[in-house]
Amino acid sequence: MTHLMSTKARPLLGEVTVPGDKSISHRALIMATMAIGQSRISGLLEGEDVINTARAMSAMGADISHAANGDWLVHGVGVGGLCQPETALDMGNSGTGARLIIGLVSTSPMNTTFIGDRSLSSRPMRRVTEPLTKFGAEFHGADDMTLPLTVSGIVDPCPIDYQVPVASAQVKSAILLAALNTPGKTTVIETTPTRDHTERLFRHFEVPIEITARQGATAITVTGHPELVAHDMTIPADPSSAAFPVIAAIITPGSDITLKNIGINPARTGLYSTLKDMGADIHFINQRLECGEAVADIRVKHGPLRGITVPEDRAASMIDEYPVLAVAASFADGDSVMRGIGELLVKESDRIAAMVAGLRACGVLVSEHDDGMTITGQTTVTGGAKITPSLDHRIAMSFLILGMATDRPVEIDDGRVIETSFPGFTTLMNELGAKIGANA
Ligand code: S3P
C-alpha cells in the first residue's frame, strides 16, 4: 500500500502527454496476436492492466518484444492459431482485459482459466458468458459467474445474432472477438452507442465488418475466419486519463495547460462536452486522424463552473469520468445532477458509493440516488479526509485531484492501484504544479 497526500496546488502550467489509451491498447495487442506477421505498436499504455493482456497473449503463443525506441513488436499467431495457456491467465484488476479475452478464447478449442484480484473477482461476467454460450462455449466457475472462471472453447462455433442488453463496449467487443474464429456472419446489435475502438481496429486490420442502422439501433456484422495480416498501430493518449489534469486545471486558480495527442473519438468525449456545458474554457486544437481514431491537443484554463443536469444519453461516452466530474461539480455554482449511471455500481468498485462517501467526508453536500448522485457545489471545500480507494484507480486519482483545491489535504491509503491505468500520474501532476506525495 502506498499512502499519498495531495495538498493545495500551485497554478498548473505547461504541456504534457498522458499515457496511451487503455481501451485501444488492450485491443491493439489482441488484434496483433490474431494477425500473421509482425505488428509494431507505438504509444501502448504500459499500465498493469495492459501488461496483463500482453502476458495473456504471450501465454497463448504471441511473440511480444520491445523495439529500441520503446515501441512494442507483436508476432501474431493468426485467427485459429491460439494455443492453450499452461497456467491460468491472471487479469489483475482489468475488467476489459478479462471480458475481451474471455470472448476471444471462447471460440478456440481449448480450456482457459481466468483469475483476477479481489476487485475483478467480484465483477459480473455473466454479461459475457451468456452470449458466448450461444456460440457453443461452456463456462465452469461459481454459480454467479465471477472469476475464477474456466472457459471451454468450442471446436465448431455457430455464428449468433445478439442484442446487447446493457450499454457495454466490453460485451460488444467480446462477441466481435469471438466472431473472428467463427464461420459465417455474427451480428451484434447495440441500442446505446458505446466506444467503437474494436470496430475501428477491425477496419484497420481489414476484417470484413458492416455497420448499419437498424430500427434506431446499430447492427455490427462480422464475417468470421478472416486472414488477418499484421498492421502497425499508433495509439492516442487516453482521454479518460487526460480528464484528471483537465479537471485539476479547471479547479486550480491561474492554471493554463495543454495535453498532447488525446483521443477524441466521439464515443469517449462526453466529459469534455459536459465541462463545456458547465462553462469550462476547453479547446480541442490541431485535430487530426491517426489509425482511424480522431486525435487533438486539448488546451484548458482555470475558470468558474456552473452545475448542470448531465444528459443521461451521454453516460456511455463518459462512463469512466463520473468520479472526476463529481470532483469538478464540488466546486461548481449550484447543483450537478448525474443520473442513469447504474453501471457505476459494477466498475472496479461501486463508484457512486465511493464518491458519495468520500466527498461527504471532505465536506461536500451530496445526495445519493439508485442510479446516480446530485452534488451541490461550494466555493470552498474543506477536504481533510483519508480515503480508501478499494482497488479502484479512478477513485484514487479523483480524490488526489480534489485535494489540489481543498482547504486541507486529502489522503488516499493506496496509491499503488493508479499503476493499472496511469503510470507516472504523480510525477506528471507534480510537474504541472500539483503537490502530491507521501508527505506532500
Ligand atoms: C471499456 C468499456 C467500459 C469502460 C471500461 C473500458 C472498454 O466498460 O468502463 O473502462 O475498453 O471496452 P463497459 O463495457 O463495462 O461499459
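Q: What should I know about the numbering and the model before I start?
A: Residues are numbered from 1 along each chain as its sequence is written, and side-chain values use heavy atoms, leaving out hydrogens and water. The model is predicted, so local features need pLDDT of at least 70 and side-chain atom pairs count only at pLDDT 80 or more, while totals for chains, interfaces and linings use all residues.

Q: Which residues are around the ligand?
A: A residue is near a molecule if one of its heavy atoms lies within 4 Å of it. Here the shell includes Lys22, Arg27, Thr96, Arg195, Ile319 and Lys347. By type, it splits into 3 nonpolar, 4 polar and 5 charged residues (Ala, Val, Leu, Ile, Met, Phe, Trp, Tyr, Cys and Pro are nonpolar; Asp, Glu, Lys and Arg charged; the others, Gly among them, polar).

Q: Where does the ligand lie relative to domain 1 and domain 2?
A: Domain bounds come from an automatic or database domain assignment. Domain 1 (4–19 + 237–438) and domain 2 (22–222) both supply shell residues, so the ligand lies between them.

Q: How do I read its polar contacts?
A: Look for a pair of N or O atoms within 3.5 Å. A ligand oxygen is 2.6 Å from a side-chain N or O atom of Ser168, and one is 2.7 Å from a side-chain N or O atom of Asp320. With Gln170, a backbone N or O atom lies 2.9 Å from a ligand oxygen.

Q: What about the backbone: which peptide bond is cis?
A: Most peptide bonds are trans, and most residues other than glycine have a negative phi. In this model, the bond from Leu147 to Pro148 is cis, with omega near -5°.

Q: Which residue other than glycine has a positive phi?
A: That's His225, with phi near 60°.

Methods
A polar contact is a pair of N or O atoms within 3.5 Å; within protein, one must be able to donate a hydrogen and the other to accept it, and residues adjacent in sequence count only if both atoms are side-chain atoms.
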